[in-house]
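The sequence and the model are shown first.

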Amino acid sequence: MALEKVIIIGGGISGVAAALALQQQQRHVSIYELRDGPSTIGGALNLTPNALRYLDAWNVLPKLLPRGCSVGSFELYNMIDGTMTAEMPLGNVARFGYQVMRILRKDLLDALLETLGEQGVSVEYGKAVSEIQEIEGGIRAVFKDGTSVDGQLLLGCDGIHSRTRMGLVEPERRPIYTKIAVVLGLVDAASLTSPIHFRDTAFNMSPNGSLIASYFNPDRRQIFLGALMQTEEEKDRDGWRVRGSDQDRLGEELKTRFKDIRIPCLSEMIANVNELSLYPVHKLTGGGRWSRGGVVMLLGDAAHAMPPQGESVGYALEDVALFAELLKGCESPAQLPQLFQRYEDLRRPRIDAALKETEFRWAQSTHDTGWLKFKMQQWAMPWFLWFTRDKKEEDFSSDVRKLIE
Ligand SMILES: Cc1cc2nc3c(=O)[nH]c(=O)nc-3n(C[C@H](O)[C@H](O)[C@H](O)COP(=O)(O)OP(=O)(O)OC[C@H]3O[C@@H](n4cnc5c(N)ncnc54)[C@H](O)[C@@H]3O)c2cc1C
Ligand SMILES: *[C@@H]1O[C@H](CO)[C@@H](O)[C@H](O)[C@H]1NC(C)=O
């Protein structure tokens, strides 16, 4: 039996990228998304040189350049005294092959979907998978609307709240609330009167939480603002929804939290920010199972969601690039168990290391702290960046496809 039919669950970033990569290998793919159309929500994502390398290979890069903003360095500021804490250069295009880019999640998803459309593939919307069953010779996805589809390989690209994971691969591995919620919004740059303190992207820290401020499109007319704030958990999704829909309350929360900061343009941004939305940040514990029975594999956040650190999309796209590269020579479903093993052997060390670094950075810069601890963190930050810089540069220039000889 030949490997003919691949089912992809989730029309987010990794799902659409996987569809593209496999379509380019002339595989028959079908892709299903729970929402009724492409999601338009979400803030500005960071694309690492790794992410851009694979997006280029899948012919998506030309569609991103006119939409995103190139980022030359990552700037860190102390909002208490208004000084720059550290700066991490990112623009070593000669070494990395690619720049770093900020882009709205919606614009990245649109660019992926347009490219997929040009290949003659479209996402089937309004298809929430409710159950996944192992069947003779393959796998079946059952949808909430009562329909189902059979295939020989199923890729679970359904994000942190993955049904594929919690319904079949590893029901015990559930999302954990990080005690941090993010408030996202957009600011018109023209509405600011004080000088803008950063060039491209700034991570601004205080003992009360952090603010990310970044350009995200080529004309730099708008600024993306994201606040990371320690926040009590709501009882359920509805609780978060109600809280997130109250624009005035969200605005007031930002004003109180960041009342005494010493970077005037950030105070102005908080006063002028539009279209606020609120998301609780969840993560998964490390390790865990990624696959089942040589027929189901989890990719992206479904396998290893980490707290936001600007590299999650890069890791998700690396998953897709490596998995697709391994699949190139695969003729029959009988080869899949071995291929899965190979994939996990190559992938685990990098993901484990990334999670460790993320947990460390996250603990240093997001939760509410006392003054002394904050001062020590500010002092340690440049050292931390300096120590990890070689490793980071090596990561940015590495190509997962070259792991396979
Ligand atoms: C709406 C949205 C907004 C986001 N905004 C941000 C942001 O502002 N900043 C940031 O850093 N990260 C954001 N993320 C997360 C970020 O996109 C991911 O960390 C990263 O892109 C890895 O993507 P992924 O494709 O693995 O998962 P995701 O991007 O989460 O995509 C998973 C997809 O699967 C679909 N899905 C889930 N369950 C089912 C089901 N049962 N059946 C069918 N489909 C299903 C989801 O609707 C979603 O489209 C957002 C994710 C989503 C879904
Ligand atoms: C931190 O939050 C408290 C209110 O909880 C506020 O009084 C204080 O001014 C804030 N600090 C800064 C630096 O804005």
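Is R389 buried, partly exposed or exposed? R389 is partly exposed, with a relative accessible area of 35%; here buried denotes under 20% relative accessible area, exposed over 50%, and partly exposed the range in between, computed with a 1.4 Å probe on protein chains only.

## Basis of the model

The model is predicted: local features need pLDDT of at least 70, side-chain atom pairs count only at pLDDT 80 or more, and totals for chains, interfaces and linings use all residues. Residues are numbered from 1 along each chain as its sequence is written, chains are lettered from A and ligands numbered from 1 in the order in which they are written, and side-chain values use heavy atoms, with hydrogens and water left out.

## Salt bridges

The structure holds 30 salt bridges, each defined as a side-chain nitrogen of Lys or Arg within 4 Å of a carboxyl oxygen of Asp or Glu. Side chains of opposite charge can pair when their charged atoms come close. One of these bridges joins R389 to E393, with an N to O distance of 3.5 Å. Both residues lie in helix α13 (residues 371-397), and because they are four residues apart, about one helical turn separates them. Helices are DSSP runs of H or I with at least four residues, numbered from the N terminus. E393 is buried, at 11% relative accessibility.

R35 and E33 meet at 3.9 Å, N to O; R35 is partly exposed at 41% relative accessibility, whereas E33 is buried at 10%. In the bridge between D399 and R401, the closest N and O atoms are 2.8 Å apart. D399 is buried at 14% relative accessibility, and R401 is partly exposed at 25%.

## Packing of α1 against α5

The axes of helix α1 (residues 13-23) and helix α5 (residues 105-118) come within 9 Å and cross at roughly 20°. Axes are lines fitted to C-alpha atoms, for helices over the stretch in contact, and angles run from 0 to 180 degrees between N-to-C directions. The two helices are therefore roughly parallel, a term applied to angles under 35 degrees.

Which residues of α1 and α5 make the contact? Those of α1 are I13, V16, A17, A19 and L20, and those of α5 are R105, L108, L109, L112, L113, T115 and L116, where contact means heavy atoms within 4.5 Å.

Note on methods:
Angles under 35 degrees count as roughly parallel, over 145 as roughly antiparallel, 65 to 115 as roughly perpendicular and the rest as oblique.
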